[in-house]
Amino acid sequence: MSTDSTIHGTGEVIVSHDTHDAGPEVHHHKETFITKYVFSQDHKMICKQFLITGMIWAILGGLMSVLFRLQLGYPDSTFPWLEDILGKWAKGGKIQPEAYYALITMHGTVLVFFVLTGGLSGTFANFLIPLQIGARDMASPFLNMLSYWFFWMASVVMLTSLFIETGPASGGWTVYPPLSALGDANLGSKGGMDYWITGMALFVVSSLLGGLNYITTILNMRTKGMSMTRLPLTIWAILFTAILGVLSFPVLLSGLILLLFDRHAGTSFYLSDIFISATQKALPNEGGSPILYQHLFWFLGHPEVYIIILPAMGLVSEVMAINSRKPIFGYMAMVGSLMAITILAFLVWAHHMFVTGLNPFLGSVFVLLTLLIAVPSAIKVFNWLTTLWRGNIRFTPAMLFAIGFVSMFISGGLTGVFLGNSTLDIHLHDTMFIVAHFHIVMGVSAFLGMFCGVYHWFPKMYGRYMNNTMAYIHFWVTFAGAYLIFWPMHYEGLAGLPRRYMDYSGWSSFNQFGGLNRFISTVSMVVFAVQLMFVFNFFYSIFKGRKVISKNPWQANTLEWTTPIRPGHGNWPGEIPEVHRWAYDYGKDGKEFILQTEPLGADEQHH
Amino acid sequence: MTRSLELNRVTDQNKKIHPHKFILWIGIGSIIMMFAGLTSAYVVKREQPGWTTYVTPVAFYYSTGIILISSLTIFLAGKSFRERRMIRYRKLLLATAFMGLAFMFLQWLGFRHLWETGITFHGSGAGQFLYIIAGLHALHVFGGVIALFVVYIRARNTKIRSYNTVPVDVVSTYWHFVDLLWIYLFIFFLMVR
């Protein structure tokens with residue numbers, strides 16, 4: 001709690017704010033390069049740090065998928081350049097089995113945790129919470145800074161694991177024991193696994209420090225008049241995301257600590273008397289249960305998918321209302337469904353474990369609870385569609401990504417109904433069907449939501465616009481490409497094609513998919529190239545983009561558009577504005593939009 | 001930043017709970033989840049073959065007594081702080097911190113005793129869970145001891161006099177929490193075999 005001195009100024013001289021006239025700069029304290037760009041406590045800078053770190057991870061994680069798609073699409077070919085970049089992991093220009101497993105494991109870990117949790121929540125929670133609720137900064141800017149630097153340390157540890165001799169973790173992103181606990185059975189379970197656990201422990205600390213701050217800031221630091229029901233949906237979504245993270249990540253940490261002891265101290269929480277063929281020896285362990293790990297892992301793992309998708313839902317809701325020039329349809333239903341999803345998220349974890357020998361009666365309870373999630377999800381989808389209905393739609397890049405999000409979420413959500421059935425799951429478990437499902441419903445959807453947010457708030461972040469032409473190309477190729485990549489995978493999965501295999505050509509029943517796999521691989525490379533174009537657009541626009549000349553370029557209602565074009569630390573030069581209405585007064589009383597700061601008219605009702 | 005955050009504070013004066021206290025309460029919630037995860041793993045594992053138990057070392061009873069008393073001293077420290085009896089306050093802070101260290105030492109004695117009776121890391125019974133759960137708890141106590149020392153050093157600083165109760169309240173709430181957490185864990189270990 002060492003920020004006390006800054007917040008309360010114990011012993012420090014505080015310049016009275018009464019004498020302050022609304023100049024353009026609110027902060028007069030000296031800023032060096034280090035305090036402004038590196039160890040910054042300004043939520044806007046921390047947001048950019050999260051975003052750019054997340055982008056670097058996204059490029060690496062995406063590149064991994066291109067490499068293993070190359071293997072899946074062309075299992076018989078060799079690519080000598082692969083040996084140049086991967087060395088012994090691609091001997092003779094062909095990805096080795098160990099390398100293939102490492103690639104899929106790290107692709108999952110990086111995208112799920114480092115991009116779509118750290119990168120997505122870290123970016124938009126930091127950026128939008130203070131700006132949209134009307135606060136100078138987070139409740140504890142210092143903890144917020146620590147949150148980023150723990151994320152950075154986690155990133156360094158995870159990145160280092162890619163370069164050690166035995167390679168990174170390679171037992172799948174869920175790192176199930178016993179495989180992940182036995183270095184003798186799997187190359188990636190040697191040092192790489194320790195790096196993975198250390199990296200994830202640091203990541204958990206980072207997301208806890210962040211989450212504590214997000215919740216506290218939202219509940220305690222809202223400006224005058226900003227009641228909970230006047231909050232933009234982005235903030236509601238971030239609040240529930242943070243609650244999920246704070247309650248579920250510690251359980252993952254517990255599971256990983258037990259795993260660490262099984263690996264190094266000789267305990268038998270997960271390990272039992274397993275015979276390892278590589279060493280021709282049986283383990284001395286007794287009585288361990290790998291299922292115990294799965295329970296602990298999925299108690300985080302399932303909320304984790306909502307940690308990924310809820311912020312995207314919030315961003316999309318906000319952008320969709322602004323660009324339809326209509327209030328969001330069913331605001332309270334949107335909040336209620338977010339809450340329902342948050343509660344249900346904790347009650348469905350065992351649907352990942354239907355085929356572990358789970359009691360079928362227990363399974364049926366989890367089927368019921370799982371399918372119940374369809375209700376709040378459908379409420380959200382219908383509310384988005386009715387928000388669009390008869391809207392005066394502006395197809396900005398952000399809006400296209402928002403609409404694309406809804407399309408993807410519907411497509412991916414429908415296959416979730418298949419997978420939520422424990423009986424169907426016997427057939428579909430660990431096939432390409434589940435790969436297709438979760439990539440569409442949380443991978444691509446969350447990415448589209450994130451792009452939607454980046455395009456929409458880029459003018460606020462950097463005072464410039466991103467290039468629209470590149471943005472439109474980015475959208476259409478990504479959107480069409482994602483369907484072309486993942487739609488065919490459903491057919492492969494229904495035919496029984498297992499996931500995590502590196503070569504299907506040995507099975508006559510799977511040979512038929514050779515052409516389809518080449519097609520998927522080709523599209524994935526095109527889509528990856530377009531993401532690089534987005535990255536180029538992003539960095540180019542920071543320096544050369546068209547300048548923003550009005551405070552409120554999208555004509556939106558929320559508070560961040562009442563700040564100067566390039567707000568300093570503290571966000572508002574003068575007093576923090578007071579809020580008089582909710583965030584969605586679009587097309588009301590003949591006015592196109594009414595800022596939240598505008599007092600109610602004589603004939604208006606209190607919202 | 002000092003100045004801008006000061007503005008924040010002014011608008012927040014009507015709020016009931018200080019944000020730092022609120023952060024602590026949510027943090028406590030997440031620590032509870034961590035131990036809930038571990039103790040439920042314990043309960044699940046207990047049903048499986050190969051479960052072993054141990055005799056509770058006597059040192060744990062002493063450590064429980066010490067941490068209970070330390071809750072009293074931190075409470076009195078807060079009271080003295082409010083009464084501006086700063087010398088008494090500093091003494092009580094220091095006493096609490098040293099009782100925290102004594103607690104950790106007794107836990108370690110308990111562990112060593114268990115280890116000598118043949119309960120090592122090999123196996124998957126109550127003893128192995130105890131090492132990990134009580135060990136993690138001791139780490140949390142250690143975090144509290146560090147916080148106590150930080151508050152103590154600040155209180156010794158004669159240049160800056162602060163009568164802000166928030167840091168004291170935060171530390172003492174956390175201290176009561178690690179105390180209660182140990183009581184829960186200790187009863188859990190005694191009852192669930």
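Which residues in α5(A) meet which residues in α6(A)? The structure examined here is a predicted model, in which local features need pLDDT of at least 70 and side-chain atom pairs count only at pLDDT 80 or more, while totals for chains, interfaces and linings use all residues. Residues are numbered from 1 along each chain as its sequence is written, and chains are lettered from A and ligands numbered from 1 in the order in which they are written.

In α5(A), the residues Phe114(A), Gly118(A), Gly122(A) and Asn126(A) meet Asn144(A), Phe151(A), Ser155(A) and Met158(A) of α6(A). Two residues are in contact if their C-beta atoms, placed from the backbone, lie within 7 Å. By class, the contact of α5(A) with α6(A) has 3 nonpolar, 5 polar and no charged residues. Here Ala, Val, Leu, Ile, Met, Phe, Trp, Tyr, Cys and Pro count as nonpolar, Asp, Glu, Lys and Arg as charged, and the others, Gly among them, as polar.

Two packed helices are described by the angle between their axes and the distance between the axes. Axes are lines fitted to C-alpha atoms, for helices over the stretch in contact, and angles run from 0 to 180 degrees between N-to-C directions. For helix α5 (residues 97-133) of chain A and α6(A), the axes come within 12 Å and cross at roughly 160°. This angle makes α5(A) roughly antiparallel to α6(A), given that angles under 35 degrees count as roughly parallel, over 145 as roughly antiparallel, 65 to 115 as roughly perpendicular and the rest as oblique. The crossing of α5(A) and α6(A) is left-handed. A crossing is left-handed if the near helix is turned anticlockwise from the far one by less than a right angle, and right-handed if clockwise.

Helix α9 (residues 290-324) of chain A packs against helix α2 (residues 19-46) of chain B at an angle of about 150°, and their axes are 10 Å apart. The helices α9(A) and α2(B) are therefore roughly antiparallel to each other. The crossing of α9(A) past α2(B) is right-handed. On the α9(A) side the contact is made by Leu292(A), Leu296(A) and Phe299(A), and on the α2(B) side by Gly37(B), Ala41(B), Val44(B) and Lys45(B). By class, this contact of α9(A) with α2(B) has 5 nonpolar, 1 polar and 1 charged residues.

Helices (H or I, at least four residues) and strands (E, at least two) are DSSP runs, numbered from the N terminus. The C-alpha trace of chain A spans about 80 × 60 × 50 Å along its principal axes. A compact globule of 607 residues would have a radius of gyration near 25 Å, and chain A agrees with this at 25 Å. The radius of gyration is taken over C-alpha atoms, and the globule rule is 2.2 Å times the number of residues to the power 0.38. Of the contacts in chain A with a separation of 6 or more, 79% are between residues 24 or more positions apart. Buried residues make up 54% of the 607 residues in chain A. A residue is buried if 20 or more other C-beta atoms lie within 10 Å of its own, exposed if 12 or fewer, and partly exposed in between, with C-beta atoms placed from the backbone.

Chain B has 6 helices and 0 strands, in the pattern α-α-α-α-α-α along the sequence. Its C-alpha atoms fill a box of roughly 60 × 35 × 25 Å, taken along the principal axes. Of the 193 residues of chain B, 42% count as buried.

Several loop residues of chain A were also examined. Ile328(A) lies in the loop between α9 and α10 (331-345) and is buried, with 23 other C-beta atoms within 10 Å. Beyond its neighbours within four places in sequence, Ile328(A) is in contact with residues including Leu233(A), Asn383(A) and Tyr584(A). The peptide bond from Pro177(A) to Pro178(A) is cis, with omega near 5°, and Pro178(A) is in the loop between α6 (141-161) and α7 (191-220). Asn571(A) is not a glycine but has a positive phi of about 70°; Asn571(A) counts as buried, with 25 C-beta neighbours inside 10 Å. Asp589(A), also not a glycine, has a positive phi of about 50°, and Asp589(A) is exposed, with 9 other C-beta atoms within 10 Å.
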